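User: Please take me through the helix contacts and salt bridges of this model, setting each label against its definition.

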Amino acid sequence: MPAARSRLSRTAVAAPAAALILGTLAVATPANAAAPIGDSSSAAKELNGTHPAWATPQADAGAVADSAPATARIYLAGQDTAGLAALAKSVSDPSSPAYGSYLSTDQVQARFGASQAQVKAVKAWVTGAGLTVGQTTAHYVEVSGTSAAMAKAFGTKIHTYRTADGTHRAPASDAVVPSQVAGAVLAVSGLSDVVHKNVSHAVSVREAEAKADAARLAAGNLKKPDATLPTVPTCSENGYGSKTAAGAPQGYEKNEPFAPCSYLPSQLRKAYGVTDAKVTGKGARIAIIDAYGLDSMQADANHFATLHGDKPFAAGQYSEVVTKDKWTHQDECGDWSGEEALDVEMAHGLAPNAQVTYVGGNSCYDQDLYDAMATVVDKHLADVVSNSWGEIMHGKSGDLDPAVIAADNQLFQLGAVQGIGFTFSSGDCGDSSPGAAATGVNCQADSNQAQADWPSASPWVTSVGGSTLELADKAGHYGHEVSMGDQRSVLSDDQKSWNPYPGFFYFGGGGGVSKDFQQPWYQKGVVSDRIAKTAADGSSSATPLRATPDIAMSGDLVAATLVGYTANGTYSEGGYGGTSVSAPETAAMLADAIEARGGRAIGFANPALYDRAGTKAFNDVNDSAVHNKFGNVVDLGTVGGVLKVRLYKVAADYGLSAKRGYDTATGVGTPGKDFFDSFRLGRKH
């Protein structure tokens, strides 16, 4: 069974951590260029990590029956893996003479795609072992058959193993690809059947409160508000902290203000300089990838825009690639409607004239979301791709499948050489550690260490973290920003104190230094060794590692973003938070930047973003730089029909904080006043 992803996430198959580094970098290592088919110098290739760490001799429950059905996906290496990585770097690097010299889709396939000889050799190998060839694309060959045939093809027996969540099958040793096709095979997935269920990087305020209350019934409900507090839901509508929660007990500060009303796209455009720069994303194309598809999406987005003073999509401006007849695993994956609505409405809201294409995966499983990404790359449907899903790389039930990493990284590079950039949300669980997961409402309980999430940790994507944006007024003028992270308490039954106090970790932007990837070239000189040589789990590295996120934007639940869509026949609106807000915001900002630079694609954006680090193109978010008068807020709203009062301490992420310069909470910062001018004028400012 393939691994599954949820709205913001996907699942992992176990593999040794050391194998992840080697397996992932394999796509980009010159020594790993695909060998010619039949080259006498070729040797059989062991697929590190296909035998997972949890498949121990002590847990071995015996061999799978020879007749048991089995499936696998064989990812193709293509003709020149080293050349692909080198070109992806050179066309993305502003200091390179080849910067912006992108290839067409046909040129990419001819130069880097799998050759007919490679595909023919792979098919001959697997059919010779008794397997049946299924779907074949430019990227992979799917095979099926008996476990005996699978064992013959990959040189390893398939056994069952006892685990904490039942019995699972896996290769008894690492799979081996024979020499005649070693140069044609990038990676293989599906030999193990462990599936990890993940959480979403987007969550509504209502959902988050319901989760928190269900887990902590002893926190107390406000059944009758104190007479000095409002008796209806209340928020600060004239800017962050514009309305004081008089009558509430003292919290972290005196006279805590009410939380801001959910932000509108028009306010975000003003805050991040879109309005003043007079850019709209005209001429740029954004793709949004989630699972499934909301039938009413375009109508809902148009209704939402019109209700709040914006223009709906013009004829032909919005399109969808959705194959409803092929949807699977909906019970496991859940409802993605809120995620989709959030992503589409944020993209349109911050880049109102950009083309938007929604591509729905057939499930939240790894393979289906990969196929959605491949559709965007192979058909060149966009300049910027927004993705609000991800997963932990290391869990109690195993580590992420190296095949997922290798295949994804190859796809990101294929996009980069065409001028296509990917943004990924960094997660909503701080450092994704077990400590954060103990109380965080959007965490993966399976985590066994502090870590950066995938695909956000890939060196070939723009990892987007979150901030708490404080607007100066109702119009949306920028006030201040701190890192995205909240501690939460509720009003006690006697309405005289907060319970618990101080509050527990509730919600926060993701990030951290990944021990699985070396530092990419664009982070050198910007991310200090002090940060880059210590992984999120505290382990030291002799060489710098990949740090995340790269950039951040507004995404906190305390300063939520308004989203509207139709559910069960009724259109409604509510506040949403998470780095799932930040990712489509950033994709839209990059679309606006494409317009600012005359319609020329930016492609993989990280080198250009880091080239501007430390300039006025970014707001350097620093939690301790300025005393923030309105740093903590009281939220008064209804949950399940009950009026409740909650106290939040902001800038309180778990394991992460924003400091001067690059940090693992907000990266190089949030888009600043010169962000668009730096692209328009071709200089950093």
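**Helix packing**

User: Which residues of α11 meet which residues of α16?

Analyst: In α11, Glu 339, Leu 342, Asp 343, Met 346, Ala 347 and Leu 350 take part, and they meet Ser 580, Val 581, Pro 584, Glu 585, Ala 588, Met 589 and Asp 592 in α16. Contact here means heavy atoms within 4.5 Å. By class, these residues divide into 8 nonpolar, 1 polar and 4 charged. Ala, Val, Leu, Ile, Met, Phe, Trp, Tyr, Cys and Pro count as nonpolar, Asp, Glu, Lys and Arg as charged, and the others, Gly among them, as polar. The model is predicted: local features need pLDDT of at least 70 and side-chain atom pairs pLDDT 80 or more, while totals for chains, interfaces and linings use all residues. Residues are numbered from 1 along each chain as its sequence is written, and side-chain values use heavy atoms, without hydrogens or water.

User: What makes α11 roughly parallel to α16?

Analyst: Helix α11 (residues 337–350) and helix α16 (residues 579–596) pack at about 30°, their axes being 8 Å apart. Angles under 35 degrees count as roughly parallel, over 145 as roughly antiparallel, 65 to 115 as roughly perpendicular and the rest as oblique. The angle therefore makes α11 roughly parallel to α16. Their crossing is right-handed, a term for a near helix turned clockwise from the far one by less than a right angle, anticlockwise being left-handed.

User: Why is α12 also called roughly parallel to α13?

Analyst: The axes of α12 and helix α13 (residues 402–416) come within 10 Å and cross at roughly 15°. That angle makes α12 roughly parallel to α13. The crossing of α12 and α13 is left-handed. On the α12 side, the contact is made by Asp 366, Tyr 370, Met 373, Ala 374 and Val 377; the α13 residues include Val 404, Leu 411 and Phe 412. The contact of α12 with α13 has 9 nonpolar, 1 polar and 2 charged residues.

**Salt bridges**

User: How do you know that Asp 383 and Arg 285 form a salt bridge?

Analyst: A salt bridge requires a side-chain nitrogen of Lys or Arg within 4 Å of a carboxyl oxygen of Asp or Glu. For Asp 383 and Arg 285 the N to O distance is 3.5 Å, so the pair qualifies. Asp 383 lies in the loop between α12 (366–378) and β14 (384–387) and Arg 285 in strand β11 (residues 285–291), so the bridge ties together parts 98 residues apart in sequence.

User: Are Asp 383 and Arg 285 buried or partly exposed?

Analyst: Buried means under 20% relative accessible area, exposed over 50%, and partly exposed in between (1.4 Å probe, protein chains only). Asp 383, at 10%, therefore counts as buried, whereas Arg 285, at 26%, counts as partly exposed.

User: What makes Asp 677 and Arg 680 about one helical turn apart?

Analyst: The two residues are 3 residues apart in helix α18 (residues 675–680), which means a separation of about one helical turn. Asp 677 is partly exposed at 28%, as is Arg 680 at 34%.

User: How many salt bridges does a search of the whole structure find, and which residues are linked in a network?

Analyst: The search finds 13 salt bridges. Arg 73, Glu 142 and Asp 371 are linked in a network of them.

Key: Axes are lines fitted to C-alpha atoms, for helices over the stretch in contact, and angles run from 0 to 180 degrees between N-to-C directions. Helices (H or I, at least four residues) and strands (E, at least two) are DSSP runs, numbered from the N terminus.
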